[in-house]
Amino acid sequence: MIETSANIASTDLADFRKVEVTQLLKRIIVPILKNDIVSLGMVRNLRIVDDYVYLRLYVGSHQLELKEQVIATLSNLNWCKKTYVELCTIPKVRTTLAVSSGKGGVGKSTVAVNLAAALSLTGAKVGLLDADVYGPNVPQMLGLGHSDIQVIETTNGQRFIPLEAHGIKVMSVGLLAEPDHPLAWRGPVLHKIITQFIHQVEWGELDYLLIDLPPGTGDAQITIVQESPICGVILVTTPQQVAIADVRRSVHMFRQVGVPVLGIVENMSYLLTEDGKDSQFIFGKGGGQQLSTELQAPLLGQIPIHACICEGGDRGLPVTLSDRNFLASQVFTKIANALVVALRK
């Protein structure tokens, strides 16, 4: 099809108006975060069709008034007949964070579980959504084993009731499958399951909801990011260059949808001896710092390799809860405190 001059002019006008809308939206600042709603990744799927503006606004349950601010701000455009804002939120959940990695085997779920535990120790109400459809290990790591999920009827339809372990509310795709059976979900079925777990869980009041994403950048990951009000992502890597390369691909995906990178966690950073007095860098050194510098995102912490971390996951009691004085536990606590400060300062 040959594009006419009229079509070209129309496309240029829409692009110009999109820039104009974006600049106006950048004037809306979230006081607690001291940043604008565009930079925070709250505005997505922005489209200009003729004289109408369409966008999705991803917010926490305490930020619903931002919708009216957006509409009021864009009403100043003399060409805009109406602004359509689709509000995307998880009821009663203030802050939703993603824990992601570019590849499997870097200890992402271990980090997610211990970070949830560390946040709960600050007195916060914490939930953990295990959305890793390829390796849902969170129930075992929190000592839940195979448990039946209760479904209740609400005024908004059927809702899943999350389980609870160590004061953390938990929902996992692994709870829907038979033990030791593979989760062979594909296409529309996979999309439906993920969407249900985002929108149909009765979490109750939560300060933080952590979503343990599948590794990589496929359909499952993109669906979760696009369907949930994630306000930031923590990226988990190991020091080696192969892991760093895969994390870079994940960063590109998050930036495409406007989700900010809150920081880097370098897992398996070094081998800690039994007496804790010596360490060996068996997977290389400096990869997390290299990635932090490239992304201009803080290196939140470096987690050592130690049998206690592995044992904690196997027996369902995270090391952050079982031994608060252990070095790795203190690192997880430091990461949690840094996130709390970053999200509230």
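These legends accompany several close-up views of a predicted model.

**View 1. The whole chain, to get your bearings.**
Before zooming in, take a moment with the overall layout of this predicted model. The protein is built with eleven helices and 17 strands. Of its 345 residues, 50% are buried. Among contacts with a separation of 6 or more, 74% join residues 24 or more positions apart.

The largest nonpolar core has 82 residues. Which of them have the most contacts inside it? They are Leu 128, Leu 129, Trp 203, Leu 210 and Ile 335. Another core, of 22 residues, lies apart from the largest one, and its members include Leu 24, Leu 57, Val 59 and Leu 77. As a general background, nonpolar side chains in soluble globular proteins tend to be buried together.

Glu 202 sits in the loop that runs between helix 5 (187–199) and strand 12 (206–212). Is Glu 202 buried, exposed or partly exposed? Its relative accessible area is 30%, so it counts as partly exposed. Beyond its neighbours within four places in sequence, Glu 202 contacts Thr 154, Arg 159, Phe 160, Ile 161 and Pro 162. Look also for Ile 152: it is 50 residues from Glu 202 along the chain, yet their C-alpha atoms are separated by 9.0 Å.

Rolling a probe the size of a water molecule over the atoms shows where empty space is left. Here the count comes to one cavity of 30 Å³ or more, and the volume of the largest cavity is about 30 Å³. Its lining is made up of Leu 129, Ala 131, Val 173, Ile 194, Phe 197, Ile 198 and Ile 224. Helix 5 gives the largest share of that lining, with three residues. By class, the lining holds seven nonpolar residues and no polar or charged ones.

The largest pocket holds about 370 Å³ of space. Which of its 24 lining residues are closest to the centre? Those are Ile 32, Leu 33, His 62, Gln 63 and Thr 95. Strand 1 (29–30), helix 2 (66–74), strand 6 (93–100), strand 12 and helix 11 each give two or more residues to the lining. The largest share, four residues, comes from strand 6. Sorted by class, the lining has 14 nonpolar, six polar and four charged residues.

In helix 9 (residues 307–315), the buried residues are Ile 309, Gly 312 and Gly 313. Why do these residues line one face of the helix? Seen down the axis of helix 9, they fall within an arc of 95°, so they line one face. Their cover includes helix 3 (108–121), helix 4 (138–141), helix 10 (319–322) and helix 11 (327–344). On the face turned away from the buried side, look for the exposed residues Asp 314 and Arg 315. Gly 316 follows helix 9, and its phi is positive, near 80°.

**View 2. Thr 237 in strand 13.**
Thr 237 belongs to strand 13 (residues 230–237). With 1% relative accessibility, Thr 237 counts as buried. Leaving out residues up to four places away in sequence, Thr 237 touches Ala 243, Ile 244, Val 247, Ile 264, Val 265, Glu 266, Asn 267, Gly 288 and Leu 291.

Asn 45 is a residue other than glycine with a positive phi, near 55°. It lies in strand 3 (residues 43–49) and is partly exposed, with a relative accessible area of 46%. Asp 50 is not a glycine either, and its phi is positive at about 55°. Asp 50 is found in the loop between strand 3 and strand 4 (52–58). Its relative accessible area is 63%, so Asp 50 counts as exposed.

Conventions. Residues numbered from 1 in each chain as written. Predicted model: local features only at pLDDT ≥ 70, side-chain atom pairs only at ≥ 80, totals over all residues. Heavy atoms only, no water. Buried < 20%, exposed > 50% of the residue type's maximum accessible area, 1.4 Å probe, protein only. Contact = heavy atoms within 4.5 Å. 1 Å grid on protein atoms, 1.4 Å probe; cavity = no way out; pocket = protein on both sides within 12 Å on 5 of 7 lines; lining within 4 Å. Points joined across faces, edges and corners; volume = space filled by probe spheres on them. Nonpolar A, V, L, I, M, F, W, Y, C, P; charged D, E, K, R; others polar. Arc of directions from axis to C-beta. Core = buried A, V, L, I, M, F, W, Y, C linked by side-chain atoms within 4.5 Å.
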